[in-house]
Amino acid sequence: MDSDALNTFLVVHRRGGISNAAKALHRSQPAISRRIALLEQELGVPLFERVAGKTRLSDAGRVMVPYAERAVAAAQDAENAVRALLRDSAGPVSLAVTGTLAGGRLSRVLKRFVARHPDVALTLRTATSAEVSDLIRRGEATIGLRYDRDRSADLDCELLFAEPLQVVCAPDHPLAGKRVAKLADLGDEKWIAFPEVPGRREITASHVFALFQSAGLGEIEWTAVDSLTAQKRLVEAGFGIALLSQSNAAEELGSGAIATIRVGNLTASHDVVAVVRRGGFLSAASRRLLEIIRREFSSKRVAR
């Protein structure tokens with residue numbers, strides 16, 4: 001059982017079938033089918049089954065996935081470690097970031113890193129917090145930035161800072177710049193928030209709705225908007241209010257495009273963490289990027 005066979009198995013699973021996997025791997029469909037058949041023969045069990053015309057994992061296949069992911073990632077670690085001996089400050093570095101963290105601080109991090117390491121092939125992917133962890137776990141990203149700690153045993157999470165949340169509104173809102181005693185006092189407002197999508201959990205959405213429920217706002221009127229930029233534009237236009245982190249609203253607050261409503265009992269924050277694979281290989285360039293991230297965020301750290 002080699003890493004190529006395991007990677008082929010994973011691509012068939014992620015792409016939903018032999019045909020799509022063949023396109024992704026630039027191989028013929030018979031070659032992919034043969035590779036899977038040999039793997040199944042070696043294991044003595046089928047890894048896939050056809051259900052309603054679709055290729056799905058068998059019970060054995062579902063058991064196989066996490067082990068295959070770790071094995072493929074470990075093989076990539078070995079290759080990267082050997083190549084790093086030859087090119088200390090070059091090669092690929094992949095960063096996966098929750099979309100709402102891809103703001104000004106991250107731009108400064110990337111600019112500083114690229115200026116110091118022009119030969120490094122740096123790639124950036126945005127995803128939900130759960131997806132960031134999955135990318136790190138599978139070895140498809142080197143370093144991740146996400147909200148809240150991932151409790152998985154195969155990941156290491158480092159708290160960078162805790163970012164306070166605040167209620168934002170249009171500048172001409174009746175409560176703009178004013179204070180209310182508690183979040184429940186805003187129960188009659190129209191809210192704008194990230195949607196909670198089944199099977200695609202996003203920490204920020206879950207956190208916001210948990211705050212609403214704990215404040216007795218389970219039945220609020222709200223509009224689901226899956227784009228941070230769109231949320232802020234709607235708030236500016238007076239379509240509703242939103243609960244955003246300080247950095248996400250900093251530019252608009254600075255320009256006066258939006259305002260805040262101070263809430264007496266609101267002390268919530270999002271933990272922002274860096275994620276790497278436990279025991280995984282970090283090249284010299286990856287370690288330097290992580291150091292820059294720590295320095296950039298260190299002034300934002302909040303004592304807990």
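**Close-up 1. Thr100 sits in the loop between β3 and α5.** This view, like the others here, comes from a predicted model. Is Thr100 buried or exposed? Its relative accessibility is 12%, and residues under 20% are classed as buried, so Thr100 counts as buried. Setting aside neighbours within four places in sequence, Thr100 is in contact with Tyr147, Phe194, Leu228 and Asn248.

**Close-up 2. The largest nonpolar core has 23 residues.** Which members touch the most others? They are Leu95, Ile143, Leu145, Leu160, Leu289 and Ile293. Two or more residues each come from β3 (91-98), α5 (104-116), β5 (143-147), β6 (155-169), β12 (269-277) and α10 (284-298). Of these elements, α10 gives the most, with 6 residues. As a piece of background, nonpolar side chains tend to be buried together in soluble globular proteins.

**Close-up 3. Leu145 and its contacts beyond the local sequence.** With neighbours within four places in sequence left out, Leu145 is in contact with Ala96, Val97, Thr98, Leu101, Leu106 and Val132, among others. The list also includes Leu160, Val273, Ala274, Ile293 and Phe297.

**Close-up 4. The structure holds 1 aromatic pair.** Why is the pair of Phe9 and Phe48 called tilted? Their ring centres are 5.5 Å apart and their planes meet at 50 degrees, so the pair is tilted. This pair links distant parts of the chain, with Phe9 in helix α1 and Phe48 in strand β1 (residues 48-51), 39 residues apart. Both Phe9 and Phe48 are buried.

**Close-up 5. Met1, Leu43 and Val45 make a nonpolar surface patch.** The patch covers about 230 Å². One of its members, Met1, belongs to the segment before α1 (3-15).

**Close-up 6. Helix α6 (residues 129-137) and the residue Gly139.** Which residues of α6 are buried? They are Ser129, Val132, Ser133, Leu135, Ile136 and Arg137. Just after this helix, Gly139 adopts a positive phi of about 80 degrees.

Technical notes. Residues numbered from 1 in each chain as written. Predicted model: local features only at pLDDT ≥ 70, side-chain atom pairs only at ≥ 80, totals over all residues. Heavy atoms only, no water. Core = buried A, V, L, I, M, F, W, Y, C linked by side-chain atoms within 4.5 Å. Buried < 20%, exposed > 50% of the residue type's maximum accessible area, 1.4 Å probe, protein only. Helix = DSSP H or I, 4+ residues; strand = E, 2+ residues; numbered from the N terminus. Contact = heavy atoms within 4.5 Å. Patch = residues over 30% accessible without salt bridge, like charges linked within 9 Å, V, L, I, M, F, W, Y side chains within 5 Å. Areas by Shrake-Rupley, 256 points an atom, 1.4 Å probe, with all protein chains shown as cover. Salt bridge = Lys/Arg side-chain N within 4 Å of Asp/Glu carboxyl O. Phe/Tyr/Trp six-rings, centres within 6.5 Å; stacked < 30°, edge-to-face > 60°.
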